Amino acid sequence: MKEIRQKAKELLKEHCRVCPECNGKICSGEVPGMGGLGTGSSFRANVEALAAVRFNMRTLHDVAEPKTGCNLLGLDLDMPVMAAPIGGASFNMGKDLDEYEYIHSVLAGSVDAGVIGCTGDGVPEWLYKAGYKAIRDLEGRGIPFIKPWDDAEFFMKVEEAADAGATIFGMDIDACGLITLKKMGRPVSPKTPAKLAELKKRIPGKLILKGIMTPGDARAAADAGVEAIVVSNHGGRVLDHAPGGAEVLPAVAAAVKGQLTILADGGVRSGADVLKMLALGADGVLIGRPLVWASVGGGREGVRKYWEKIKGELMSSMVLTGCGDVRSVDPKIIYQK
């Protein structure tokens, strides 16, 4: 992994320093790029919120071989993780990077590790089409995320993704305030609960709604028939001064646990962080930026090795907290003063 990180650092250059700790401090305001919007406080809040969570270490138990396998949204996964949708390799990560090679390595490396990857959306056309091609080439093993466009563009992309073999679709509703897209003549917008329910009925599969940060929005998503939500502030890239995902996750989970699948992202950097998110109420966890340097620095094999690292850390953390199965993580493993 050290060699992969070093190669990624050389290729990403000023777009991402591949810092020893990916915390958003050096790259604040670097959008495009891999940083957080404005002051970068929302990016940092993600990392800080997870860092503040502490485990109760337990060693007197019979958990020697914890079970990490699970089923999320009908997908049998080797552990409850997904590669978050991050697109725009050439303008966020470096002009010499190829979008298809980048996203295919993320999806393929995830498949090799027994998990699943997501693709991003945006302008220009080749960006999202690279993701759909990768999904097609992997026989549908990928989840396309589509921004909250008007109906015509949204369902055009849903149809293209379905043709590529996708059966689960995502909408990153947290992109609804991207004014840059409006200036390009491609406006995105928030959706009312009624509109969301209408859209859901037309989706030829399951729908994941990413960008839910309040219990009220979570309940509205559940009422609209959405199969899953992602508790996410879009990696701190859309709204400055937002809380971290781990801060709001417990309240969101309390509102809708059992009604839909709860996914969460934001600042996840290790298998221990994955376990923290599960203990805070998530059913599954998305990881974003680290998969960028794993892909850029090591391609498909780099992504697979990164997931192996995460699994090893997750299993170790489960043993040391007495967790026998990721499907039934006890919130009591979290230390409370």
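Reader: Where does Asp96 lie?
Author: This is a predicted model, where local features need pLDDT of at least 70, side-chain atom pairs count only at pLDDT 80 or more, and totals for chains, interfaces and linings use all residues. Residues are numbered from 1 along each chain as its sequence is written, and side-chain values use heavy atoms, leaving out hydrogens and water. Helices (H or I, at least four residues) and strands (E, at least two) are DSSP runs, numbered from the N terminus. With those names in hand, Asp96 belongs to the loop between helix H3 (89-93) and helix H4 (99-112).

Reader: Is Asp96 buried or exposed?
Author: We compare its relative accessible area with the cut-offs: under 20% is buried, over 50% is exposed, and in between is partly exposed (1.4 Å probe, protein chains only). The relative accessible area of Asp96 is 65%, so Asp96 is exposed.

Reader: How far apart in space are Asp96 and Leu11, C-alpha to C-alpha?
Author: Along the sequence, 85 residues separate Asp96 from Leu11. In space, C-alpha to C-alpha, the separation is 8.5 Å.

Reader: Leu73 is not a glycine, so what is its positive phi?
Author: Leu73 sits in the loop between strand S1 (70-72) and strand S2 (75-77). Its relative accessible area is 11%, so it is buried. Its phi is positive, at about 55 degrees.

Reader: Through which helix does the chain cross from S7 to S8?
Author: Two strands pair if DSSP finds at least two bridges between them; strand S7 (residues 206-212) and S8 run parallel and are joined by 4 bridges, and Leu209 stands opposite Ile229 in S8. A crossover is right-handed if, with the strands pointing away from the viewer, the path from the first strand over the helix to the second runs clockwise. This β-α-β crossover is right-handed, and its helix is H9 (residues 215-223).

Reader: Which helix lies on the way from S8 to S9?
Author: S8 also pairs in the parallel sense with strand S9 (residues 261-264), over 4 bridges, and Val231 stands opposite Ala264 in S9. The β-α-β crossover from S8 to S9 is right-handed, and it passes through helix H10 (residues 245-256).

Reader: How far apart are the end C-alpha atoms of helix H6?
Author: The expected span of a helix is 1.5 Å times one less than its number of residues. H6 (residues 151-163) has 13 residues and should therefore span 18 Å. The end C-alpha atoms agree with that, being apart by 18 Å.

Reader: What do the buried residues of H6 pack against?
Author: Glu153, Phe154, Phe155, Lys157, Val158 and Ala161 are buried in H6. Contact means heavy atoms within 4.5 Å. The packing partners are helix H5 (125-137), strand S5 (143-146), strand S6 (168-172) and helix H8 (193-202).

Reader: Why is the pair of Phe154 and Phe155 given its class, and what is that class?
Author: Rings of Phe, Tyr and Trp (its six-membered ring) pair if their centres lie within 6.5 Å; planes under 30 degrees apart count as stacked, over 60 as edge-to-face and the rest as tilted. By this rule there are 4 aromatic pairs. The rings of Phe154 and Phe155 have centres 5.1 Å apart and planes at 85 degrees, so this pair is edge-to-face.

Reader: Which charged end sits over the ring of Phe155?
Author: A charge sits over a ring if NZ of Lys or CZ of Arg is within 6 Å of the ring centre and within 35 degrees of the ring normal. Here the charged end is 3.8 Å from the centre of the Phe155 ring, and it belongs to Arg202.
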